[in-house]
Each structure stands twice: as C-alpha cells, then as structure tokens.
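Here's a quick briefing on how one chain is put together. Have a look at the fold before reading on.

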Amino acid sequence: MSKKTCRKRYCNEPPVKYRYCKTHYSECLLKEKRRERALILLQTGEIEGERISKPDLNQEFIQLNSFWSDACIAAQTKADVGHITYKQAEQTLSLCKSLAEAFVDEELMYRGHPEGKGPEGFTKDLIWKKIIN
Ligand SMILES: [Zn+2]
C-alpha cells in the first residue's frame with residue numbers, strides 16, 4: 001500500500017497538492033515567493049516595487065549588493081574579482097541569495113507585512129560570516 005500522507009517528514013496529514021498537506025503546501029509556496037522576491041531584490045534593489053526602507057538594513061544591502069556584483073562578474077568571467085575568487089563565486093552567489101531572503105523577511109516585517117514572511121530561514125549573522133570568510 002502506498003503512503004498517502006504529506007511528503008514532509010514526520011507529517012501525517014493527507015496530501016492536497018504536490019503530495020504536500022495543506023499546511024506544508026502553503027509553507028512551500030511562501031518559500032518560493034520569498035526566493036523569488038530575494039532574486040528580484042538582488043537584481044533591482046527593490047522588494048514589491050520599493051527600495052528597502054529600514055535604514056540599517058539599507059546599509060547592509062549596499063554591502064550585500066557589492067558582494068553579489070563581484071560574485072556575478074567572477075562567475076561570468078571565470079576570474080577573481082575584488083575579494084571573491086572565481087572558485088568561491090558560485091558559493092557566494094548562493095549565500096547572497098539566502099541573505100537576500102533574510103532581508104526580504106526583515107523589510108516586510110518593518111513595513112508591517114509580517115504575513116509576507118516565509119518559514120524560518122538562516123540567521124543573517126551566520127550567512128554574513130560565511131560570505132566574508
Ligand atoms: Zn504536511
């Protein structure tokens with residue numbers, strides 16, 4: 001007999017979509033939405049069409065953006081750029097994306113839209129440490 005429960009581990013709810021239960025399916029949608037917003041933030045500097053309004057976060061974003069641009073160029077040109085070596089480029093890009101996701105959550109909270117927040121992600125400090133190293 002095949003397993004007719006949610007694909008999320010330890011969840012025994014019945015699946016409604018993509019083998020996820022209702023709760024985990026909406027969690028999955030939120031994660032996707034956050035990932036999409038994070039990419040748009042990195043590409044345009046905007047979340048939902050507006051620049052980051054939280055002052056300290058805006059400063060942090062300037063820093064993140066500079067790592068992101070260096071890593072993009074390093075990945076494309078296969079050469080070291082600034083502090084980013086070509087070998088680190090892919091990893092830095094993925095760390096930048098995770099960090100941008102945390103920024104999206106923080107900014108949406110600041111704007112008073114906590115409902116836009118996805119499930120718990122990595123903490124900013126931890127990701128910054130990895131990027132800088
Ligand atoms: Zn579930």
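A residue is buried if 20 or more other C-beta atoms, placed from the backbone, lie within 10 Å of its own, exposed if 12 or fewer, and partly exposed in between. By that count, the buried residues of α1 are H24, R34, R37, A38, L41 and L42. This is a predicted model, in which local features need pLDDT of at least 70, side-chain atom pairs count only at pLDDT 80 or more, and totals for chains, interfaces and linings use all residues. Residues are numbered from 1 along each chain as its sequence is written.

**Overall picture**

- The protein chain has four helices and two strands, taking helices (H or I, at least four residues) and strands (E, at least two) as DSSP runs numbered from the N terminus.
- Along the sequence they come in the order α-β-β-α-α-α.
- The C-alpha trace spans about 55 × 35 × 25 Å along its principal axes.
- Of the 133 residues, 24% count as buried.
- Among contacts (C-beta atoms, placed from the backbone, within 7 Å) between residues at least 6 apart in sequence, 45% join residues at least 24 apart.

**Helix α1**

- Helix α1 (residues 22–44) has 23 residues and reaches 33 Å from first C-alpha to last, close to the 33 Å expected from 1.5 Å times one less than the number of residues.
- Its buried residues pack against β1 (46–47), α2 (55–77) and α3.

**α1 against α3**

- These two pack at about 105°, with axes 8 Å apart; axes are lines fitted to C-alpha atoms, for helices over the stretch in contact, and angles run from 0 to 180 degrees between N-to-C directions.
- That makes α1 roughly perpendicular to α3 (65 to 115 degrees; under 35 is roughly parallel, over 145 roughly antiparallel, the rest oblique).
- R34, R35, R37, A38, L39, L41 and L42 of α1 meet C96, K97, A100, E101, F103, V104 and D105 of α3.
- The contact residues split into eight nonpolar, no polar and six charged, where Ala, Val, Leu, Ile, Met, Phe, Trp, Tyr, Cys and Pro count as nonpolar, Asp, Glu, Lys and Arg as charged, and the others, Gly among them, as polar.

**α3 against α4**

- The axes of α3 (residues 86–110) and α4 (residues 124–132) come within 10 Å and cross at roughly 160°, which makes α3 roughly antiparallel to α4.
- On the α3 side the contact uses T92, L95, C96, S98, L99 and A102, and on the α4 side K124, I127, W128, K130 and I131.
- Those residues divide into seven nonpolar, two polar and two charged.

Key
Two residues are in contact if their C-beta atoms, placed from the backbone, lie within 7 Å.
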